[in-house]
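Biologist: Could you zoom in on one spot in this model for me? I'd like a close look at a single side chain and then a quick word on its surroundings.

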Amino acid sequence: MANRGVLPLWAIMERDLRKYFRSPAILAASLLLPLLQLLIIGYAFGGKIQGVPVALVDLDRGPEAVRLREKFHAVEANAKTFRVRSEESLDEALRLTREGVVGATIVIPEDYSRRVTQGNRPKLGLVLDNTDPFVVTTLTQKMAEILDASNRGDIEPRYLSRVSLEVVEIFPYVEYIQYLLPGIITLATFFCVLIGGGILYIDDKVRGIHEAYLVSPISKLQLLLGMHLAGMLKGAFAGSVVTFVGVLLAGVGDVLTFSTIVLVFGFTLLVSSSFVSLISLLMVRVDDPVVPRVVIGFLNTLLFFPSGAVYPTSSFPNWLQWIAKFDPFTYSVDGFRAVLLKRVGFTAIVDDIVILAAITIVCFSGVLLLFQRRL
Amino acid sequence: MSAIVAEGLQKDFGNFVAVNGVSLRVEEGENFALLGPNGAGKSTFIRMLTTLITPTAGTARVGGHDIRTEADAVRRTIGVVPQPITSDLKLTAAENLDFYAKLYSVPGARRRKLVPELLEWIGLIDWRDKLVGTFSIGMRRRLEIARCLVHGPSIIFLDEPTTGLDPASRISMWEMVSRVKSERTVTVFLTTHYMEEADELCDRIAIFDHGTIVAEGTPSELKSQLPSSEVIEVRFDSPPDGWADSVRALAGVEDIDEEEGLFRVHSNDRSRTLAAVVDAARLRGVAISTIALRDSTLEDVFIHFTGRATRDETGKIRFDARLIER
């Protein structure tokens, strides 16, 4: 008959937690790395594109061309989307575009002013360095705005026949660093579970440390539950620390009311639990300490990026959307986004909770089935 | 009652037979050693007895419990010091003992008394709150001896407990095992490849090689099976072909074996044989580089039964160092 009671289970849990909190390198990796990613990725991807050098070749030099140039200079001075550099020769401007010295060349053709006056389909040329899709999108959009303003004329008519759209945003404006925050909290939890749990366990196995407790009467369930609870608490700790620091860095610190803190901590425990069981299932028969270190890169790519943490899943091709459906990160990111950015309560994340709980149960059952009590 | 009874215990790893149908009996309160070189199958054998691995065939009863069907009862009965150093380096000495006591469900009040007692007993009480990562290997081994006693086992298994220890730590470990034996009612089952360790610590020894027991008995019983009680170890500079046969024919020589240039001449009349060896070498112009006289040891017993010397971790013959010491 197996050893009864919670003491052996408690022993495993207590030991794992002590080892985690006494490993500065693991603490740093599981807490500082995600926060660093939040800052760097959040600000690198989240800002507006500004100051793109643009060559302007004015082959017209008429009054309408002058008005247009004034508008470009207004953008240069205010929105600062681009900086205009006048070029005399079209060939030279195109060379500069090809070589990446400028991001685009705007060409005002010879007959531009005459065609504008005659209303004879005047055209502007925009030659783009299309190797950078972000710059292309921004410049095209800005040029369209400039031309739209030019076409409207100086006096707005009293009655408009065109249909216009009035946009109402139900949540406050979300900056990219805020959009990224749920993914980073998820990543912190995952890193902690993998580095502080999976890798340490396999290292123990390789060093033979687990032999010493396998000869004790601890049952398989006590051992696995002890390791699971320790992993869950470690992951929840990392997730919570990154949440509290992350909301301050992202400028949404006011979201931390008592009820949100309780909800976030509870949800972090569940997210952590699902990751522990998933990783335990992947590592249950692994003996080689190199494996989790290699797997960490694969899992990071396979779980983090398809989850909608950095980009909306609706933009994904079908096959990637299917990966997202089976990815626990997806439900974690969705839950944290609902609580921290939309500031909605428990009912809004019930679906995420059910799916994460199901992942935990299925994976933990698999671990129970596959774990070998003997060597 | 026997503490350990193995019957036809066998372990195969694919086509490799690590332990080949071994049967043995260890009586309660006995100190028993499984003596053999690295790779002989000793650790596999001890891992089967301690329920870490499942035998391919046969079974054993440890403390009266079957290792196959009553593994938990066996685990409650035994204390184990595995071959690898298994103390948690990130825990303190006291935390390590407390952790293992909890694994055996030792109640809190008992643990609070037991842990300092055990630390005192192994001489580490001043180190109780220091991380084990700062300990020497010898200190970790002492801690592991204490650790295997936290639940008061009746049988303790020590798998090569002194491997990797310096000579002083090894002697300290021997003293500790002797103290365990004298102060507690326990059966000690240890594996070792050190002859002197088995000779020093154990009442009975089984010589283990290639997964089987080749000889078994008390140290004196085993030594008595040798053809002689004394050995002359001699190394010659460039001995001529057939030199071993020439030495074998000398007065008083009972037996001779040679390994890597070292001749072990067994004799029951060492003065006469020693003179004969020296004379023979002088007459044939063969220079003697080293020569030593000693009584027969378990090493000779091992060589007698297996035809080779035990080897250390690097596979180097250990005789040379011992000759220099003499």
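Which residue's backbone oxygen does the side chain of Lys42(B) reach, and at what distance?

Modeller: Pro37(B) is the one: the side chain of Lys42(B) gets to its backbone oxygen at 3.0 Å. Bear in mind that this is a predicted model, where local features need pLDDT of at least 70 and side-chain atom pairs count only at pLDDT 80 or more, while totals for chains, interfaces and linings use all residues. Residues are numbered from 1 along each chain as its sequence is written, chains are lettered from A and ligands numbered from 1 in the order in which they are written, and side-chain values use heavy atoms, with hydrogens and water left out.

Lys42(B) sits in helix H1 of chain B, residues 42-49 (helices are DSSP runs of H or I, at least four residues, numbered from the N terminus). Lys42(B) is buried, at 2% relative accessible area (buried means under 20%, with a 1.4 Å probe and protein chains only). Its contacts (heavy atoms within 4.5 Å), leaving out residues up to four places away in sequence, are Leu34(B), Leu35(B), Gly36(B), Pro37(B), Glu160(B), Thr191(B), Thr192(B), His193(B) and Phe208(B).

Now for where chain B meets chain A. Chain B puts 34 residues into that contact and chain A puts in 29. The rule picks out 6 salt bridges across the interface (a side-chain nitrogen of Lys or Arg within 4 Å of a carboxyl oxygen of Asp or Glu). Glu95(B) and Arg18(A) pair up in a salt bridge through their side chains, at 3.3 Å from N to O. On chain B's side of this contact, H3(B) gives the most, with 5 residues.

Notes
Helices (H or I, at least four residues) and strands (E, at least two) are DSSP runs, numbered from the N terminus. Buried means under 20% relative accessible area, exposed over 50%, partly exposed in between (1.4 Å probe, protein chains only). A polar contact is a pair of N or O atoms within 3.5 Å; within protein, one must be able to donate a hydrogen and the other to accept it, and residues adjacent in sequence count only if both atoms are side-chain atoms.
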